[in-house]
Amino acid sequence: MNDEPFYFMLPRLLDSGLLNDDRIEYALVSYPRLIISEASRIIVKDYGNRIDSIDTSNKKRIKCIMENLAVALSLPIKDVSVMQTARTIYKNWMNSTSMFGDNKRQNKYIQRIFKHLSQPFEMRQPDDDEIFKGSFHTLLNNIISDYKYAHTKFGHIFDKDTWITLFNIMLGISDALLEYNLVEKLPKSDSAKLRQKSIDTCFSIIQLSGLDDQDVWKRLKDYCYKWSKSHDFIKVWGHSIEMLFVYMNIKIYQQDVATNVFKEGIYSEDNPISEKMVKLIFFNFLYLVDIKQLISNHQRSNSSRSSCPSILKEFALTMSRLTMNAELISNTPDTLLSHKYSANAFLKLFGPFLIFIPNNADEHYDDAIAVIIDSILSIVSNFNIDYEGETVKQLIAFCALRAVPFHMPIVAAFLKRSSQLYRHNTVILPYISELALQLIPQLDTTKSTRILIGDSFLSSVNSLFMSAVETLKKNDYSKYSPQVNESFEMIWKTTALFPIRFQLLCFAHSLEEVKILEKLAFIFNESNFKQVSADFTNIPFIASCILFIGVYVRFKPNESQKINELHLIKLILTDIMKTDPRRLEEFDLLVIAIQQMVINGIEFGKDLFTNQENIKVICDFISFLKLQLIASDKEKAKRGSSALWLEKYENEIIALNETICALITTNFPSKDLFSRRLNSCFEINESRVIEHFQIQNPKISYFSIGDKSLISFIEPDNYSDITSNEINNQPLILFVRGECGKSIFVVKENYKSDTFNPILSNEIQPMNLPSASEFARTPINNQFFQVQLAPHMSFDELKGIDERTTSMYKNDFQSWLDWNKFGFYALFNTSSPYQRPRVADFISTMGLLRDKNKAGVRVYHNSNEKLKKVIQKLDAIDSIPLLPVVVYHILSSDTKNRQGEVIFDEEKSHTRMTPAFLQFLREIGEPMKISSELNILPPLRTTIPIIPSMDSFIAILSPSMASDTDGAKVIFDFGQTSAMKIIFNETSFDINFQAEKKPKQHVLCVSPKGNGLYHVTQMFIPRYIYSPFAEEQTISAEVLAFNIAMSFEQTIKTNSSLLPSICEKRRAEIRSLFTGEPEQSLTGTIAEQF
């Protein structure tokens, strides 16, 4: 130690030429190191006892104290307490630099303090590990903090020499820390933090100093190139370049963002940094990394080679953060359309850092390359780029060449991000789709553990799968069928997430290759059902799968036979009936889902409910529910409330159960379904029936049977004016408005007709009798008198007599039933009128008045005003409700106000239409004409697309369908309260929406992609919806319509316009006609009543 040169600075600073030797300015360096060290140790310890009262009244005393402090800071680490005292004194002095004199003297002393504080980084005699890990490590951290504090808070008083001195000192300290094997003395995380803190302070100094000397920046670049093999350096450089990039772009985009960057050191509010200086700093920092060292590992030792992948990954993460920041910076939330960062500008800056990796890189670099691939695909997807240009093709080719199965992390990254390529690209999509279907089946998550293989990854792959399949459907799709099925199976088996599986089910309804009904049968296998339903959080998935079957049958009625073959209805209903409602949370959701499935099956299914097995199990289910409801009533009587599982939806379950019973009894689908005219049920009325059947002189009689049916009995009014031939063509019509809806029965009566001429039955045929034999007659002995017997005749003689009689009266025997010939009776009322209305005959002969009018027949007069109103209300109930989905058509000219509301040109909102939007409306549903009986919509100038739903229509509406501005405003307002709304984005930008914590509407953003495809982004989703949509996907209008129907199917249980029971609504209207009990003696007066 005595022979060691004595410097009052870190020796490395002299050896590397960063600072000059200044020993000539110090007196103590002339003493032997051991002696002066011992003396200074004693002196500085004394300073520690009176640290607040050290005499600094003149410059000589200050210089003397500083020399002792400098010696103290050069001691071995065992004297860390002495070094801490010296550091504390210097820190106090830095807070009162005026003690040194004028600015020039202040800078002189500050430079000396900086040099002295660098000495502990020589780490002399680091033998005591405990001291090193504890107080000495703390000392080093504190000294670096002092450097940071000094230049940020007092940099404005520094002259150029002070800045350069401090910068060079931090270069030397950082270099020493990077070379010293700190991991032998400190935990890995502590050593990394210390190095990173040192480098960060070095960067901060040059950023806040205003230094623009080329030699200074060259010196920094030389050291940074040397440090490029350090993970800690790459990490700090990454944060610095990210900060600079963000700050520079904030200035470019003139965003009002509060930041403390460049408001310290020599800069302040009064002395802001110039744009020129910001660019100088940024572009110099951009090229401080020697990228060759990031991957060139061929001539390195094993230890060095093992660190390279982590260094490259850290570098890749920097590129990833820069990419994300570019996306965020360019977008301003207060605008409707999301702006995009220029891909050309970004690639000019960072392109070399993204594509320098060779194609044959070692597999140890896979994780890093995967991050790079992710960044590149993000640029292609979300930046402003020429989607049809060569740059896109080159970048995609760069990624595709590296996405090969033996580099599984890269494959995973490619698949995860590729779903976003469908947002705006078109040219590359067939290639991407084909490549995706090749890679998805080969995905091996066990080899991809080094990247995040989780929920978000599988969700992205699911989106990619759907988009790829839909894209390839427009080409030669048949050759991809095996890959489609393999990809589906891969995702289905890999994911444990039921939401992803449900999205797959909904999408695969359109795929013949995928056997989705077998998947459902597997789910509802008794053992699987028990396992899945054991977790109550899975109940929404099970309920959604049940609802899926109903919607599936609605869209594909011919699949009913396959459902029957799999016994799917029986499987599901049996599972539920074997379940104890008291032990299964949200059992009510399963019950309602089954009821909706059954109703949809009856309405739309083909051969689904003519199957005896299905009918039986449905009837068993109805009985099961009735027993459960009875048990609930008993429980209600005991504890005052229904069973727990019925508390929320009891009324809805009762209503749906009644609807099923009614549909099984008699089912007449709504005319609206077939006429494609909303409220065409109004067209089915008495006048239309009379016109259709050409009833002459019609008479309408009204009567009700209980509260179940209101019947309009239509008959010819006066038969006396009608010939017999005309009578034969005049049917009796029963127009029934019942609890299940409207129905029409045509009665052909035979009370009065001459067309029926009975003839002898051809079932009675002559037969040969056995020949009679001769027999002797025994005389009768009578004691009173003797009877003269009849003459004896042979059988042949009797037969001859019979034949002669037959030949004489043969013609009369054959026509004996022709009563007219003999004139005994006239034809039935051939010329006389009926004595009473036919409706009276009908009611009497049908037995409706038995048991003292037990059926509750009531007769109403045509002039009854209340009757007319009830008929109108019954017709209104029969009309199918509309479930609106309002489509807001966004063009590039639309904007947002400060409240985030979209501003449309209201004067032109009802005339807004483009070819792409028109095609969307044509493809999304079947056209329906709107009649105005119920006035539920404003006047429209077009038909509307509809998607059938359970007892309702999902109506796709747009303000542009209205005839005028007022109508457009009405439709616009519908979208604020509807269950779903769609944003049709016909721009090349994304839409900015304010996030909702608890969204009440299902909001979709749909962008046309051409060729019948639409990119669908799910913006918001209510909690009660088990969504059939992925976060984003490119799908056809048919799949979109199915998913919309699936989403609405889950809202029915809360829709007051559909529940409670429509049957009960109809009965209530009929009951409103009652004025008392029905007449019991109506039999005798029935004709008079009419």
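What is the relative accessible area of His-567, and does that make the residue buried, partly exposed or exposed?

Tutor: His-567 is partly exposed, at 40% relative accessible area. (Buried is under 20%, exposed over 50%, partly exposed in between, with a 1.4 Å probe and protein chains only.) The model is predicted: local features need pLDDT of at least 70, side-chain atom pairs 80 or more, while totals for chains, interfaces and linings use all residues. Numbering starts from 1 along each chain as its sequence is written, and side-chain values use heavy atoms, without hydrogens or water.

Now the backbone. His-567 is not a glycine, yet its phi is positive, near 55 degrees. The residue sits in the loop between helix H25 (560-565) and helix H26 (568-577). (Helices are DSSP runs of H or I, at least four residues; strands are runs of E, at least two; both are numbered from the N terminus.)

Step into H26. Its buried residues are Leu-568, Ile-569, Ile-572, Leu-573, Asp-575 and Ile-576. They span an arc of only 155 degrees around the axis, so they lie on the same side of H26. (The arc is taken from axis-to-C-beta directions.) Several helices cover these buried residues of H26. Among them are helix H22 (516-523), helix H23 (526-533) and helix H24 (539-555). H25, helix H27 (587-604) and helix H28 (612-639) also take part in that cover. (Contact means heavy atoms within 4.5 Å.)

Gln-694 is not a glycine either, and its phi is positive, about 55 degrees. Gln-694 is exposed, with a relative accessible area of 61%. Its loop runs between helix H31 and strand E3. Here the residue comes after the helix: Gln-694 follows H31.

H31 covers residues 686-693, and Glu-686, Val-689 and Ile-690 are buried in it. Down the axis of H31, these buried residues fall within an arc of 100 degrees, so they line one face of the helix. Ser-687, Glu-691 and His-692 are exposed, on the face of H31 turned away from the buried side. Strands contribute to the cover of the buried residues of H31. They include E3 (698-705), E4 (709-716), E5 (732-738) and E6 (741-747).

One detail marks the start of H31. There, a side-chain oxygen of Asn-685 comes to within 3.3 Å of the backbone nitrogen of Ser-687.

Notes. A polar contact is a pair of N or O atoms within 3.5 Å; within protein, one must be able to donate a hydrogen and the other to accept it, and residues adjacent in sequence count only if both atoms are side-chain atoms.
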